[in-house]
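Welcome to this short tour! Please open your viewer and keep the selection tool handy.

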Amino acid sequence: MNWKRKINDALTGATGFQIQRVGKVDSTAPGPVPAPSADSLIRPPADPKADRLLVSPIFILSPVRSGSTLLRAVLNAHPALHAPHELHVRRLTVGFGTSLAEKAMDALGHNQADLEHLLWDRVLHRELVRSGKQYIVDKTPANAFAYQRISTCWPDARFVFLLRHPASIAKSWHEASPTKRTPEEAALDALRYMKAVERARAALPGLTVRYEDLTADPETVTRSICDFLSLPWEPGMLTYGEQAVVVKGLGDWKDKIRSGTVQAGRELPSADEIPESLVPMARTWGYLPGVTDPT
């Protein structure tokens, strides 16, 4: 390898530097320990009265395309309930920036998850105060994937579980973006949300309502929700009117929603129209014979 030595000698003479081979990296050597994720650090507020401004927030946990925008609009028509568009606060994160900032927050008793919970609570509380109402309602479908963290952040939170026929959900999800996902892909993607909602229903107390019942008999369903929330029923919930925020991606804003009143839902699919991947969930939720949903 004389040519390598000659090049190195020339480099040393010209620059004062030389190239040296370093030892091979030991792939088995321990590397830096990754910082724990905020989800692994979640814990209830140390002092709920000081750490939380919100009182008894309400979360609608539902799959995509299950009628949550309609239910949000109906609840928002109640004078005590502020139900804005999807808020996605669980995606808001915080970072320390420096080790000194982390050390300072640790001295105050806060880890990353604590700080994120303070942020979430402050954002929702500000929105509620601006509305002049008593309780806030968040219907973001992806909240179903974070039900454990949400219920830990707000120990006094109340949950409404909204179900719809799985095949209807999948069909609507495909129709929302037919070039983005095939019917089969829509069914499998929607199933992820359904399973998350079912896990939440098994773990949390709450009220289960169905989209089909809401559209067929809105007065009975809204009365049951008001009873669950210990609020008087308001007939204005059935004619919720024009919505202040109509933005694609923050809810379903089709003509039925824009109408301002509860419209009849589509006919239920027949058994042979249910994708095979959704048959077990259809049985679990009581839309097919075999399993009766206790709700």
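This is a predicted model: local features need pLDDT of at least 70, side-chain atom pairs count only at pLDDT 80 or more; totals for chains, interfaces and linings use all residues.

Start by selecting Arg158. Leaving aside neighbours within four places in sequence, Arg158 is in contact with Ser56, Pro57, Ile58, Phe59, Tyr135, Phe228 and Leu229.

**Stop 1: around Arg158**

Colour strand S4, residues 158–163, and you will find Arg158 in it. Is Arg158 buried or exposed? With a relative accessible area of 17%, Arg158 is buried, because buried means under 20%. Now pick the C-alpha atoms of Arg158 and Pro57: they are separated by 6.3 Å, although the two residues are 101 residues apart along the chain. Next, follow the side chain of Arg158 towards Leu229. That side chain reaches the backbone oxygen of Leu229 at 3.2 Å.

**Stop 2: the whole protein**

Zoom out and switch to a cartoon view. The protein has twelve helices and five strands. Of its 295 residues, 42% are buried. How much of the contacts with a separation of 6 or more comes from residues 24 or more positions apart? They account for 75% of those contacts.

**Stop 3: Glu86**

Hide the surface and select Glu86, which is found in the loop between strand S2 (81–82) and helix H4 (99–108). Glu86 counts as buried because its relative accessibility is 9%. Which side chains does the side chain of Glu86 meet in polar contacts? One partner is His88, at 3.2 Å. Another is Lys139, joined to Glu86 by a polar contact of 2.7 Å.

**Stop 4**

Now select Ala167, Ser168, Lys171, Pro269 and Glu273. Of the 16 residues that line the second largest pocket, these are the closest to its centre. The pocket holds about 290 Å³ of space. Two elements, helix H7 (166–176) and helix H8 (183–203), each give two or more residues to its lining. H7 supplies the largest share, with six residues. What kinds of residues make up the lining? Seven are nonpolar, three are polar and six are charged.

**Stop 5: along helix H7**

Stay with H7 and select its buried residues: Pro166, Ala167, Ser168, Ile169, Ala170, Ser172 and Trp173. Then colour H8 and helix H12 (279–284), and you will see what the buried residues of H7 pack against. Here is a handy idea for reading any helix: an α-helix has 3.6 residues a turn, so residues three or four places apart point the same way.

**Stop 6: Leu191**

Finish by selecting Leu191, which lies in helix H8. Leu191 counts as buried because its relative accessibility is 10%. Which residues does Leu191 touch, not counting those up to four places away in sequence? They are Ser277, Leu278 and Met281.

Definitions and conventions:
Residues are numbered from 1 along each chain as its sequence is written. Side-chain values use heavy atoms; hydrogens and water are left out. Helices (H or I, at least four residues) and strands (E, at least two) are DSSP runs, numbered from the N terminus. Buried means under 20% relative accessible area, exposed over 50%, partly exposed in between (1.4 Å probe, protein chains only). A polar contact is a pair of N or O atoms within 3.5 Å; within protein, one must be able to donate a hydrogen and the other to accept it, and residues adjacent in sequence count only if both atoms are side-chain atoms. On a 1 Å grid over the protein atoms alone, a cavity is a set of points where a 1.4 Å probe fits but cannot get out, and a pocket is an open set with protein on both sides within 12 Å along at least five of seven lines; lining residues have an atom within 4 Å of a point. Grid points are joined across faces, edges and corners, and a volume is the space filled by probe spheres set on the points. Ala, Val, Leu, Ile, Met, Phe, Trp, Tyr, Cys and Pro count as nonpolar, Asp, Glu, Lys and Arg as charged, and the others, Gly among them, as polar. Contact means heavy atoms within 4.5 Å.
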